[in-house]
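Q: Hi, could you walk me through this one? I'd like to go through a few spots together.
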Amino acid sequence: MQETKEITIQDIILKRKQHTRRVDHKLILRAYHYAKNHHGDQCRRSGEPYIIHPLNVAYILADIGLDDSTICAALLHDVVEDTEVTQNDITKEFGQEISDMVAGVTKLSNISFASVEEQQVEDYRKMFLAMGKDIRVILIKLADRLHNMRTLKHLKRDRQIANAKETMELYAPLANRLGLYSLKWELEDLAFKYLHPEEYHELVEGINKKRDERLRFIEKIMEDIRVALKKQKIEAEVTGRAKHLYSIHKKMKRDNKTLDQIYDLFALRILVNSVKDCYAALGVVHELYNPMPGRFKDYIAVPKPNMYQSIHTTLLGEKGTPFEVQIRTWEMHRIAEFGIAAHWAYKEQSYFGKKQSVKVEGDKLAWLRETLEWQKEMQDPQEFLDTLKTELFEDEVYVFTPKGAIKVLPRGATPIDFAYNIHAEIGHHMTGCKINSKMMPIITPLKSGDIVEIITADNSKGPSQDWLKFIKSSSAKNKIRSWFKKAQKAENIEKGKELIEKELKRIGLSHSALFKPEYLEPMMDKYKYKNLEEMYAAVGFGANSPVKIIARMLQEYRKEHQEEEIEAKIQELAKAKNQRPKPKPSNSGIIVKGIDNCLVKLSKCCNPLPGDEIVGYITKGRGVSVHRKDCTNIHDLLSEENRMIEVQWYQEEKASYQVDIQVNANDRTGLLLDILKEIGTTKAKILGVNTKTTKEKIAIIDITLEVESLDELNKAIKVIRKVESVYEVRRKK
């Protein structure tokens, strides 16, 4: 695993020269100075100047052979997000091609989202769409993530875990999908290091103990293979490498073995000049050593979807010790290391047209096109994330049509997936299947090597909703859902209308009041509906919810009706003020200036306590909502001065208040008992405790306390912070 090092702009230019003679020094230097000047005095968490990060990202991309424009985009990739530079500035200075790549990796920071998940999903959607136009966008993002992972030690533990988890679930599988194994392995090992630190260090120590013994074993085998290949006049390079830590860890978990029981910790690689030599070399090693049954894979005859080609065979050495050999050509090796990037590393001109967008030959990126198709359909953030993670993990089966054509499907796929992979109409008219010439249920999981024949009928009624429970591929799900949308459009439209009307009734608004062009257009634009029927059908089918549809329209409606609502509320309060001259505190211990017995609610978003500076906000039909003055939500309301009202704490009686706090700690025996003991030394009363421990042995403890003032709460928080292993205590908002 590589340590981050001091990289200069000259290192990047020299690295570019290793791949091509034509390097635009001036353009790269101009991008570097532009980034350096605008990042200015900004520093990373490590205390280093910020420019070190884009330099390292650019170096990683130069190392895998990316072109000058990509190197410039890497140098500039954070200026729009972290400085005052705009996207238009980048376009003016460096042109549309570089600007589009920078835009593709810039997060959506200027849009407000309903949840963190929704923002994360929209960032991913944006990234995938940009990736569909120009695959280099994702390569910049992967290099950016790799350097961030190399420097992850400078972040707090919770951020380390979050970043490592996202890397393991999204970015490493994405690197794998694109065939960028050199990046994939390092991303996995770094994520493993932070997600499971104890297991990681135990593995490192265990491997180092017997390293010399294993090296002697592998060196002898390499020498024997070199001699045998030379006798057969096969020109080859034979090398050995230690397997990556995470792959060893996975194997130990999968096979329930200890490190001492894992013998193939080293893999041999034989690089030759032609495909013919690959098979000749395979014959040589099989003569020298006995192959292990069931451990032979020919990815030359059947390449992986990410273009990877190689022969893998596991052999038995002295004393029956197994070791793996990979045989491939030099060109296959370059693609194995750099994947999709290898397609233009030495052939930039043949892959870039006027718009400089990368076009990959054949169907190498069919999975990406499918991803872009199904992601358009999904409104639910969690469903999108789950499907994205499933789709990215390359866990596949290779099956055949009766004519011998290969189809690659997700592991666990059924003949239904197979039928839709051939064509949507074959899937829609499917009535049965044969697997290896034998009639089988259409929900049978397929295995690699199966020959599948689909039986269809013209009078078929179409797919069943139940099929969605069994199929694994996103493209098949998408095609089935599209069929139901079309087949049941009229029914879905009626159902959608009913759901919309029901929601309107719930919020007390009429259809005619809300369904006006000025409120409809922003909603239709946001969800990309061509007409109202399409919107109703989407709601009826379940692709969108009536709450989301109406919420977007209400944003526009309230802009026009806000003032009259506020005026009515002020008049109502003024009337109440004249009738009740002597105010009394509410049941929340709050006095609303000039109003007696007013309905008052302590806002749950910030849970104010006596001692906090507070402010009141007049809500529609729910009295006065009390917020802390530093509450993030109140900033959005300050512009509505007519709705703000003065409130204060009632001092004469002691009232008690509930408040929730969260404690984050490294889990250990007796942790909760120690925390509860410390709280017992204060006046705070414990009303409830909820604990959970993550896979990373982080304890998250939610505690509900009853206190009489802010001082009491602060004392409780202070004593908890002193407990051993606790690293964060915060008041929940």
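Q: Is helix 11 mostly covered or exposed?
A: Helix 11 is mostly covered, with 13 of its 15 residues buried. Buried means under 20% relative accessible area, exposed over 50%, and partly exposed in between, with a 1.4 Å probe and protein chains only. Helices here are DSSP runs of H or I with at least four residues, and strands are E runs of at least two, numbered from the N terminus.

Q: Before we go on, what sort of model is this?
A: It is a predicted model, where local features need pLDDT of at least 70, side-chain atom pairs count only at pLDDT 80 or more, and totals for chains, interfaces and linings use all residues. Residues are numbered from 1 along each chain as its sequence is written, and side-chain values use heavy atoms, leaving out hydrogens and water.

Q: Thanks! And how far does helix 11 reach?
A: Helix 11 covers residues 181-195 and reaches 21 Å from its first C-alpha to its last. That is close to the 21 Å expected at 1.5 Å a residue, taking 1.5 Å times one less than the number of residues.

Q: New topic: where does Ser437 lie?
A: Ser437 lies in the loop between strand 8 (430-435) and strand 9 (438-440). Ser437 has a positive phi of about 70° although it is not a glycine. Most residues other than glycine have a negative phi. Ser437 counts as exposed because its relative accessibility is 70%.

Q: What about Lys528, buried or exposed?
A: Lys528 counts as exposed, at 63% relative accessibility. Its phi is also positive, about 60°, although Lys528 is not a glycine. You'll find Lys528 in the loop between helix 27 and helix 28 (532-541).
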